[in-house]
Amino acid sequence: MTTHTDSALLDALQHQVAVFARRAEQSRLGGVGQARNSMDRAAYLLLNRLDQEGPMGVKALAAGMGIDSSTVTRQVAPLVDSGLVSRATHPEDGRAVVLQLSERGRTRLEEVRTSRRALMALVTEQWSEEERTAFTTLLTRFNASLSDITASLTPMGPTS
């Protein structure tokens, strides 16, 4: 049973999440310096995933990001066109195509990471290392829980 205190705390939490989402979108959390706001969220997440996981097909990339293949295909097209991502033949199945981060993409991703890292340092410069660690741990946990719950929902509501 939810108490009045729980309700007030949950109301405050949802409000702060909404404010965070608005501020993140306004600033695009794009970093500082020359690379600030130079890469949209979708591109950053796709490039980051390819950097961390290595070459993969569209279906695997979509599954790993929790989005559908058509969305990945649409989002990756401009990255291929701009030379940040390349298409290659799958090493084990010559008929299949994998996406991989190009050297240009790796360089560009590192520029953006450096800029975003500088922004995070600026935002949390008055925080202790323990506070940064705790916030990162809790935000990671929050995002994982949100992802799990979102994945369990259907367009008509929660699954039974």
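Start by selecting residues 156-160, where pLDDT stays under 50. For this stretch the model has four contacts beyond four places in sequence. The model is a predicted one, and its mean pLDDT over the chain is 85. Colour by pLDDT next: 87% of the residues reach 70 or more.

Now show the whole chain as a cartoon. Six helices and four strands make up its secondary structure. Following the sequence, the elements come in the pattern α-α-α-α-β-β-α-α-β-β.

Switch to a surface. The chain exposes about 11400 Å², with carbon and sulfur atoms supplying 57% of that area. Of the 160 residues, 23% count as buried. If contacts are drawn between residues at least 6 apart in sequence, 48% of them join residues at least 24 apart.

Select residues 103-123, which form helix α5.

Keep α5 selected and show side chains for its buried residues: Gly 105, Leu 109, Val 112, Arg 113, Ser 115, Arg 116 and Leu 119. Two arginines, Arg 113 and Arg 116, are in this buried set. When reading the spacing along the helix, recall that an α-helix has 3.6 residues a turn, so residues three or four places apart point the same way.

Conventions:
Residues are numbered from 1 along each chain as its sequence is written. This is a predicted model: local features need pLDDT of at least 70, side-chain atom pairs count only at pLDDT 80 or more; totals for chains, interfaces and linings use all residues. Side-chain values use heavy atoms; hydrogens and water are left out. Buried means under 20% relative accessible area, exposed over 50%, partly exposed in between (1.4 Å probe, protein chains only). Contact means heavy atoms within 4.5 Å. Accessible areas come from the Shrake-Rupley method with a 1.4 Å probe; for residues, only the protein chains shown count as cover. The expected span of a helix is 1.5 Å times one less than its number of residues. pLDDT is the predictor's confidence in each residue, from 0 to 100.
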